[in-house]
Amino acid sequence: MSVWENVRQGMRGVALNRMRSLLTMLGVIIGVATVIALVAVGAGARAAVLAQLRGLGTNVIFVSPGPNVELRAGDAATLLQQVPTIAAVAPVLTASLSVAAGEQQQTTTVMGITSAYLAIRGGSIAAGRAINAWDQRTRARVAVLGSSIAASLYGGASPLGQSVTVDGQQLTVVGVMAPRGTSLNVNNDTLVYLPLSTAQQLMQTYAVSVLYAQARSAAVASVTADQISRIYALRYGNARAVTVNSQDQLIAANQDTGRTLTVLLGSVAGVSLLVGGIGIMNIMLVSVVERTREIGLRKALGATGSAIALQFLVEALLLSIGGGIL
């Protein structure tokens with residue numbers, strides 16, 4: 001018997017038992033769909049985090065204080081002098097404070113920044129101006145609003161030149177940021193920016209929450225991060241005085257985690273596919289038992305055992321391929 005005849009017989013066997021064939025394929029359909037869905041979810045989550053990390057800026061290094069360690073605004077100038085591969089440093093002070101305008105009030109993240117912040121972290125001004133060096137030197141009582149909070153507080157009106165109250169202190173809005181979206185679970189469009197000196201006075205502290213340093217190129221980012229770590233380790237006599245992470249390191253860690261997550265999700269989903277395959281195997285075994293007379297008749301007419309086995313194999317392949325395609 002020719003191969004084509006076996007294929008024809010296999011197709012006939014599938015067609016004669018349409019409902020059973022469809023239910024058999026359902027296991028493969030669910031298995032393949034589960035594999036695709038879970039792998040896609042893992043890849044999508046990895047891509048989303050990667051996009052947020054890249055949205056933090058270019059060649060950015062994050063310096064966070066450890067226990068019993070205070071970072072100061074003056075550390076920015078010190079790092080610029082001691083680490084030649086650093087292009088810029090932006091000290092930042094953050095706190096969750098009440099922000100109000102007229103009858104509108106909400107609690108959001110307020111950030112004290114210097115003029116270097118936007119150059120390092122990216123972002124642009126949609127209206128008005130950014131925080132500048134003069135604001136920092138004079139402790140100017142000004143604020144720049146994220147696009148979302150500006151709309152929430154002032155509706156459709158322009159907030160420029162209007163008063164905004166931050167933790168009970170009245171400031172003047174001098175700028176509105178262009179929409180930036182979310183990065184690392186922080187909605188940038190709800191942030192309020194003040195000059196760092198003004199924020200320190202408002203929050204009654206000389207410390208800063210984090211230092212954002214920008215390496216001169218991606219090639220020296222890792223070396224720059226190591227140099228910063230050594231500087232603080234020598235200063236405090238503790239290798240864990242600060243936590244230093246480069247943007248490239250965070251991206252690499254995210255990619256490693258994402259690959260592991262994708263493999264795990266794919267493996268879990270593969271179990272569903274295995275169950276579908278076992279279902280096809282069981283159905284084919286039942287089919288062989290039910291069709292004993294047909295098999296005997298074919299053998300009596302001269303069909304070989306291999307030809308009969310090939311017929312059932314073709315049926316199994318049709319069910320598997322059909323289910324996979326669907």
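**R121 lies over the face of Y212, 4.9 Å from the ring centre.** A charge is taken to sit over a ring if NZ of Lys or CZ of Arg is within 6 Å of the ring centre and within 35 degrees of the ring normal. The structure is a predicted model, in which local features need pLDDT of at least 70 and side-chain atom pairs count only at pLDDT 80 or more, while totals for chains, interfaces and linings use all residues. Residues are numbered from 1 along each chain as its sequence is written, and side-chain values use heavy atoms, with hydrogens and water left out.

**F62, Y117, Y193 and Y212 form one aromatic cluster.** Rings of Phe, Tyr and Trp (its six-membered ring) pair if their centres lie within 6.5 Å; planes under 30 degrees apart count as stacked, over 60 as edge-to-face and the rest as tilted. Across the whole structure, four aromatic pairs are found. The pair of Y117 and Y193 is tilted, because the ring centres are 5.9 Å apart and the planes stand at 45°. This pair links distant parts of the chain, with Y117 in helix 4 (residues 116-121) and Y193 in strand 11 (residues 192-195), 76 residues apart. Helices (H or I, at least four residues) and strands (E, at least two) are DSSP runs, numbered from the N terminus. Y117 has a relative accessible area of 1% and is therefore buried; Y193, at 2%, is buried too. The terms are set as follows: buried means under 20% relative accessible area, exposed over 50%, and partly exposed in between (1.4 Å probe, protein chains only). Y117 also pairs with Y212: the ring centres are 6.0 Å apart and the planes are at 70°, so this pair is edge-to-face. Here again distant parts of the chain are linked, as Y117 belongs to helix 4 and Y212 to strand 13 (residues 210-215), 95 residues apart. Y212, like Y117, is buried.

**The largest cavity has a volume of about 70 Å³.** On a 1 Å grid over the protein atoms alone, a cavity is a set of points where a 1.4 Å probe fits but cannot get out, whereas a pocket is an open set with protein on both sides within 12 Å along at least five of seven lines; lining residues have an atom within 4 Å of a point. Grid points are joined across faces, edges and corners, and a volume is the space filled by probe spheres set on the points. By this rule, one cavity of 30 Å³ or more is counted. Its lining consists of G13, V14, N17, R20, S21, T24, I283, M284, S287, R291, E315 and L319. Two or more lining residues come from each of helix 1 (3-16), helix 2, helix 9 (247-290) and helix 11. The lining has four nonpolar, five polar and three charged residues. In this classification, Ala, Val, Leu, Ile, Met, Phe, Trp, Tyr, Cys and Pro count as nonpolar, Asp, Glu, Lys and Arg as charged, and the others, Gly among them, as polar.

**The second largest pocket has a volume of about 150 Å³.** It is lined by 13 residues, of which V89, P91, T114, S115 and Q136 lie nearest its centre. Helix 3 (74-82), strand 3 (86-101) and helix 5 (133-138) each contribute at least two residues to the lining. Nine of the lining residues are nonpolar, three are polar and one is charged.

**Helix 11 covers residues 305-325, and its end C-alpha atoms are 30 Å apart.** The expected span of a helix is 1.5 Å times one less than its number of residues. With 21 residues, helix 11 should span 30 Å, so the model agrees with the expectation. Buried residues of helix 11 are A307, I308, Q311, F312, V314, E315, A316, L319, G322 and G323. A33, 289 residues from G322 in sequence, is 13 Å away from G322 in space, C-alpha to C-alpha. A33 is found in helix 2 (residues 18-54) and is partly exposed, at 42% relative accessibility.

**N68 and D167 are shown for their backbone angles: N68 has a positive phi of about 60°, and D167 one of about 50°.** Most residues other than glycine have a negative phi. N68 lies in the loop between strand 1 (60-65) and strand 2 (71-72) and is exposed, at 83% relative accessibility. D167 is placed in the loop between strand 7 (163-166) and strand 8 (169-177); at 41% relative accessibility, D167 is partly exposed.
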